[in-house]
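Trainee: Please take me through one part closely. I am new to this model.

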Amino acid sequence: MALEIFYTTKNKNVDKAFLDKIYKAALKHFNLEDIFEVELTIVGETRIKNTNRETRGIDRVTDVLSFPSIDFKFPFKKQDYIYDIDPETGKIMLGELMLCEKRAKAQAKAYGHSLNREIGFLVLHGLLHLLGFDHIKKEDEVVMMGHAEEILKGLNLTRDV
């Protein structure tokens with residue numbers, strides 16, 4: 001299982017098949033094999049705020065957090081991560097994502113698109129962080145968002161979907 005989803009909220013309305021498409025589209029975009037595992041946990045505002053404070057020193061609710069398990073580098077060579085391969089699955093744990101469902105709902109409403117599209121964007125955003133991208137510097141943000149837009153465009157996921 002490439003993308004495993006866990007819930008700490010009552011609602012379980014995340015479309016796993018849709019998120020798997022996003023995961024696979026991201027891998028295809030970067031010409032990567034499907035040899036990774038990613039854990040996604042859907043949480044409430046209190047949990048993500050506490051985690052954000054504990055891990056980043058930022059005491060506020062956020063939409064998505066990313067926790068890489070490996071120091072991913074391009075070009076990716078599986079042999080460089082030989083000690084990170086799970087002997088049972090043959091896969092490499094890329095990392096964990098934590099997504100705040102309530103924040104995603106609010107953002108979907110604010111941006112005028114579906115919750116599915118917003119969650120898809122946030123998961124993709126988190127995946128890009130796991131793949132080593134960031135948006136601390138403006139030029140890095142341009143690169144990261146460029147990849148996100150290309151991947152979303154390939155899936156026909158525009159702002160109004």
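Trainee: Are H3 and H4 roughly parallel or roughly perpendicular to each other?

Mentor: This is a predicted model, where local features need pLDDT of at least 70, side-chain atom pairs need 80 or more, and totals for chains, interfaces and linings use all residues. Residues count from 1 along each chain, and side-chain values use heavy atoms, without hydrogens or water.

Start with the two helices (DSSP runs of H or I, at least four residues). H3 covers residues 101-111 and H4 covers residues 115-130. Their axes (lines fitted to C-alpha atoms over the stretch in contact; angles run from 0 to 180 degrees) come within 8 Å and cross at roughly 115°. H3 and H4 are therefore roughly perpendicular (65 to 115 degrees) to each other.

Now the contact (heavy atoms within 4.5 Å). H3 brings Ala104, Lys105, Gln107, Ala108 and Tyr111. H4 answers with Leu115, Glu118, Ile119 and Leu122. By class, six residues in this contact are nonpolar, one is polar and two are charged.

Strands E1 and E2 (residues 36-43) pair in the parallel sense over five bridges; pairing takes at least two. Helix H1 (residues 16-29) lies across E1 and E2, at about 140° to E1. H4 packs on the sheet as well, touching E2, E3 and E4 (92-100). The direction of H4 makes about 140° with that of E4. The sheet itself is open, with four strands in the order E1-E2-E4-E3 and mixed pairing. E1 (3-7) and E3 (64-68) stand at its edges, each with a single partner strand, so one side of each has no neighbour in the sheet.

How values were computed: Angles under 35 degrees count as roughly parallel, over 145 as roughly antiparallel, 65 to 115 as roughly perpendicular and the rest as oblique. Ala, Val, Leu, Ile, Met, Phe, Trp, Tyr, Cys and Pro count as nonpolar, Asp, Glu, Lys and Arg as charged, and the others, Gly among them, as polar.
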